[in-house]
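Keep the sequence and the 3D view open while reading.

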Amino acid sequence: MNAPLPFAVYLVGGAVRDRLLGRVGGDRDYVVVGATPAALLDAGFKPVGKDFPVFLHPETAAEHALARTERKQGHGYHGFAFHAAPEVTLEQDLARRDLTINAMAEDAQGRVIDPYDGRRDLAARLLRHVSPAFVEDPVRLLRVARFAARFAPLGFRVADETMALMRQMVASGEADHLVSERVWVETRKALAEARPSAFVRVLRDSGALARLFPEVDALYGVPQRADYHPEIDSGAHLELVLDMAARLAPDNDRVGFAALTHDLGKALTPRTEWPRHVGHEQRGLAPLRALCARLRIGAEHADLAAAVCRYHLDAHRALELRPGTLLQLLEKLDALRRPQRLHEFLLVCEADARGRLGKDAAPYPQAARARAALAAAQSVSTAPLLAQGLQGPALGEALRAARRRAIAAACAAPDATDAGNG
């Protein structure tokens with residue numbers, strides 16, 4: 001495609017923003033101005049869009065969308081009518097975007113087109129809406145919170161006037177039209193960002209957390225014992241755990257979701273028992289199941305979260321557990337068949353232990369002991385037991401006894417628990 005195209009093409013959105021921030025990677029999306037679908041087809045582009053005209057470049061396969069405007073005609077994310085035509089300008093297309101930092105374009109010569117002062121807001125570290133039409137799409141509540149989770153380490157915050165619009169969207173009921181699948185898609189992305197606590201905090205500041213994640217919102221204002229939790233508030237602890245999980249397991253939204261939901265039971269502790277939370281690990285399973293059902297969360301995330309919710313206190317006591325109890329924990333986690341499950345489980349438990357004021361650098365030798373126990377149990381072979389003629393329940397009991405002995409020997413070794421916090 002060496003011949004010049006009969007229409008204008010602009011790089012838009014995140015690629016422009018990230019280049020100006022000095023970040024690399026990410027998708028490269030393009031807007032085409034002054035073209036019709038027929039013109040793109042004639043140039044060799046392949047159509048892929050369902051709701052509005054999107055085409056793949058014949059050589060790079062990069063997405064090229066026709067410049068378009070949109071008009072609100074119903075509730076929720078799908079309540080829009082799109083208009084794509086050659087007369088739609090680049091500025092009109094950029095005007096429908098959520099944030100000014102995402103409403104910049106770059107031409108073929110590398111010149112930045114910035115009609116809504118995105119560069120100014122990049123410099124000021126502000127997440128600011130492009131226009132009052134921001135309130136028409138409830139997904140923007142989640143997107144702003146997600147961008148806060150991504151860019152909080154760079155000092156970004158939500159502009160006051162944008163937060164006011166987000167609160168208006170919640171108060172008007174627009175947020176109630178969010179579909180569960182889209183809530184989960186945006187949440188998964190946020191949990192894989194560098195500072196997922198910002199996602200929760202922005203949603204809470206806007207009032208959306210109580211609508212979308214009432215089980216999480218209920219943790220705020222619930223006190224914990226100061227000797228275990230210097231931060232005291234359960235919501236504050238949750239934010240610390242989320243960010244520690246992101247440090248320990250970058251980009252892992254399974255670990256992030258388990259961190260988000262590990263303490264839901266504390267919101268159900270009777271006030272008369274505060275600040276103690278005896279049994280919160282069992283109480284947390286019901287709200288966790290309700291949240292997973294409402295957002296249609298898949299089994300991988302839901303199962304790990306349930307395991308962490310139910311057994312994280314057992315992990316914290318791993319240095320005190322007897323070999324047989326350690327083996328029981330491994331069996332409950334299905335770690336002998338799924339060792340990756342134990343790895344992620346321990347990452348969340350470590351994040352829980354270190355997600356406390358003044359404890360972020362604390363060691364977590366419990367993880368090393370649990371890993372040593374798993375390695376020992378896995379080293380036991382069934383061959384000698386089968387050679388003895390054992391089968392059925394007798395074989396199972398002999399195998400468990402051999403695993404207990406192996407765990408006892410491994411955990412008694414001098415280097416069994418001195419591997420630090422993993």
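## Lysine 266

The side chains of lysine 266 and glutamine 224 form a polar contact at 2.6 Å. This comes from a predicted model. Lysine 266 sits in the loop that runs between helix 12 and helix 13 (280-283). Its relative accessible area is 5%. The cut-off for buried is under 20%, so lysine 266 is buried.

## Helix 12

Helix 12 covers residues 253-261. Eight of its nine residues are buried, so the helix is mostly covered. The buried set is Asp253, Val255, Gly256, Phe257, Ala258, Ala259, Leu260 and Thr261.

What caps the N-terminal end of helix 12? Asparagine 252 does. One of its side-chain oxygens lies 3.0 Å from the backbone nitrogen of arginine 254.

## Histidine 64

Histidine 64 belongs to strand 5, residues 63-66. Is histidine 64 buried or exposed? Its relative accessibility is 4%, so histidine 64 counts as buried.

A polar atom of the histidine 64 side chain lies 3.0 Å from the backbone oxygen of alanine 62. Setting aside residues up to four places away in sequence, histidine 64 touches Val9, Tyr30, Val32 and Phe45, and also Pro53, Val54, Phe55 and His57.

## Helix 1

Helix 1 spans residues 14-21. Its buried residues are Ala15, Val16, Arg17, Asp18 and Leu21. What covers them? The cover includes three strands: strand 1 (8-12), strand 8 (105-106) and strand 9 (112-113). It also includes helix 4 (118-124) and helix 5 (139-151).

Glycine 22 follows helix 1. The phi of glycine 22 is positive, near 80 degrees.

## Helix 11 against helix 17

Helix 11 (residues 234-248) packs on helix 17 (residues 339-354). The angle is about 130 degrees, and the axes are 8 Å apart. The two helices are therefore oblique to each other. Their crossing is right-handed.

From helix 11, the contact uses His237, Val241, Met244, Ala245, Arg247 and Leu248. From helix 17, it uses Leu347, Glu350, Ala351, Asp352 and Arg354. By class, the residues are six nonpolar, one polar and four charged.

## Helix 18 against helix 20

Helix 18 (residues 365-378) and helix 20 (residues 392-412) also pack together. Their angle is about 135 degrees, with the axes 8 Å apart. Helix 18 and helix 20 are therefore oblique to each other. This crossing is right-handed.

Which residues of helix 18 meet helix 20? They are Arg369, Ala372, Ala373, Ala376 and Ala377. The partners in helix 20 are Arg403, Ala406, Ile407, Ala410 and Cys411. This contact divides into eight nonpolar residues, two charged and no polar.

Conventions. Residues are numbered from 1 along each chain as its sequence is written. This is a predicted model: local features need pLDDT of at least 70, side-chain atom pairs count only at pLDDT 80 or more; totals for chains, interfaces and linings use all residues. Side-chain values use heavy atoms; hydrogens and water are left out. Axes are lines fitted to C-alpha atoms, for helices over the stretch in contact, and angles run from 0 to 180 degrees between N-to-C directions. Helices (H or I, at least four residues) and strands (E, at least two) are DSSP runs, numbered from the N terminus. Angles under 35 degrees count as roughly parallel, over 145 as roughly antiparallel, 65 to 115 as roughly perpendicular and the rest as oblique. A crossing is left-handed if the near helix is turned anticlockwise from the far one by less than a right angle, and right-handed if clockwise. Contact means heavy atoms within 4.5 Å. Ala, Val, Leu, Ile, Met, Phe, Trp, Tyr, Cys and Pro count as nonpolar, Asp, Glu, Lys and Arg as charged, and the others, Gly among them, as polar. Buried means under 20% relative accessible area, exposed over 50%, partly exposed in between (1.4 Å probe, protein chains only). A polar contact is a pair of N or O atoms within 3.5 Å; within protein, one must be able to donate a hydrogen and the other to accept it, and residues adjacent in sequence count only if both atoms are side-chain atoms.
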